[in-house]
Amino acid sequence: MKSIWQDNPMPHFPPLWGDIHTDVLVVGGGMAGLLCAYLLGQEGIRCAVAEAGTIAGGVTQYTTAKLTFQHGLIYRQLLDRLGSERAGLYLEANRQALEAYRELCGSIDCDFTEEDSFLFSVSDRDRLEEELSALIALGYPAEFAEGLPLPIDTAGAIKFPHQAQFHPLKFLSAIAEDLTVYENTPVRSLSKDGAVTDHGKIYAEDMIVATHFPFWNRHGSYFLKLYQQRSYVLALENVPPLGGMYLEERENGLSFRSHGGRLLLGGGGHRTGFPGGGWRELEDFAHTHYPDASVLCRWATQDCMSLDGIPYIGQYSARTPNLYVATGFNKWGMTSAMAAARILSDRISGKDNPYASLFSPSRNMLCPQLWSNAKEAVKHLLTVSPRRCTHMGCALQWNPQEHTWDCPCHGSRFEENGTLIENPATENLKKRG
């Protein structure tokens, strides 16, 4: 499984040997972690990044790399639940994230192109019109569009003009060059004054956990506040050129964007540890609608989903004043990573950020999804299985498409031989005697 981005050479960094002192430690070298380190460095704050593997070697390399504040049918939900002021904060935080990318990419060769983004439906025009009215109420001039250049009939779309797309690894290879990074340096434990690794300790005044799914269970209850979903991508050759970015409004719907003359067709998603359409769904679609296409490569990704559709960005918990987190990006990791980096760098450098309270991980999370997550965890903790997750002991499920053991509770994944692939687990499966 290899994404279209992985051919790009990345800088490499040595592992940590011995103890060091820094102002801020960032745990995790993906898009969010490296952006945090970069923005803190711009403020003159010493920062070190500890990455368990290699930078951009996790979910970042499997993104579809859309830079947009078009995040599905979210603005009507936010407007109804939070009111216009706070719903507007979500839109503005992500709009500013896009502008921050636009400014940075102006001096980086990372295939940045401006594209319109379209949220379409094959049958439900009413839902689109409700979302459009919410956007207009929030002061954003979205437009209704018809006649999309897709191989299927649609009921219309909401057009977000002047969004963007880029090559995420080219971008990260540029901003990482001058950062202090320790690769192959997994953090084993956290304390008030720093983090313990296999071969030394990193002492820091502040720490940011940007590990996709937070690995520390003692605080924050993220094992209840998050669940994970998988989604799939085919990179197709020999297809008609397609301008713009397209997303279907239904959950786990189709996604389209082009890169380098290839079409990135996404979809087939499902909750991790549960059955779903996967690559077969995409292959069937491509066979029907792009009969001359050939598959260049395929990949899957994993997304942390929050309980209310808003990421958790801020203080890890009420009891950890110098520990911060960025997680729960709900399939919108690129703009959410930038929003997180801006919020956390402001917090650590002593600046006010108008969006911090909206994304606070300590906000009220009492909602139906919380009880659903707890129910699933109890169910799979009590399920009899020869394979159990090393995170919290849930029964693992076999994924026949990817030949992996997946955790339906919190999304950890393991190779067939038990080697860890995805957190929040931090250890391989125990060998069966």
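A: Happy to! Glu 422 and Arg 413 form a salt bridge through their side chains, at 3.8 Å from N to O. The term means a side-chain nitrogen of Lys or Arg within 4 Å of a carboxyl oxygen of Asp or Glu.

Q: Is Glu 422 buried or exposed? And Arg 413, buried or exposed?

A: Glu 422 is buried at 12% relative accessibility, and Arg 413 is buried at 3%. Buried means under 20% relative accessible area, exposed over 50%, and partly exposed in between (1.4 Å probe, protein chains only).

Q: Which residues are joined into one network with them?

A: Shared partners in salt bridges link Arg 230, Glu 402, Asp 406, Arg 413 and Glu 422.

Q: What kind of model is this, by the way?

A: A predicted model: local features need pLDDT of at least 70, side-chain atom pairs count only at pLDDT 80 or more, and totals for chains, interfaces and linings use all residues. Residues are numbered from 1 along each chain as its sequence is written, and side-chain values use heavy atoms, with hydrogens and water left out.

Q: How many salt bridges does the whole structure have?

A: The search finds 24. One of them pairs Arg 125 with Glu 146, with the closest N and O atoms 3.0 Å apart.

Q: Is Glu 146 buried or exposed?

A: Glu 146 is exposed, at 57% relative accessibility, while Arg 125 is partly exposed at 31%.

Q: And what about Glu 237 and Arg 262?

A: Their side chains also meet in a salt bridge, 3.3 Å from N to O. Glu 237 is partly exposed at 24%, and Arg 262 is partly exposed at 27%.
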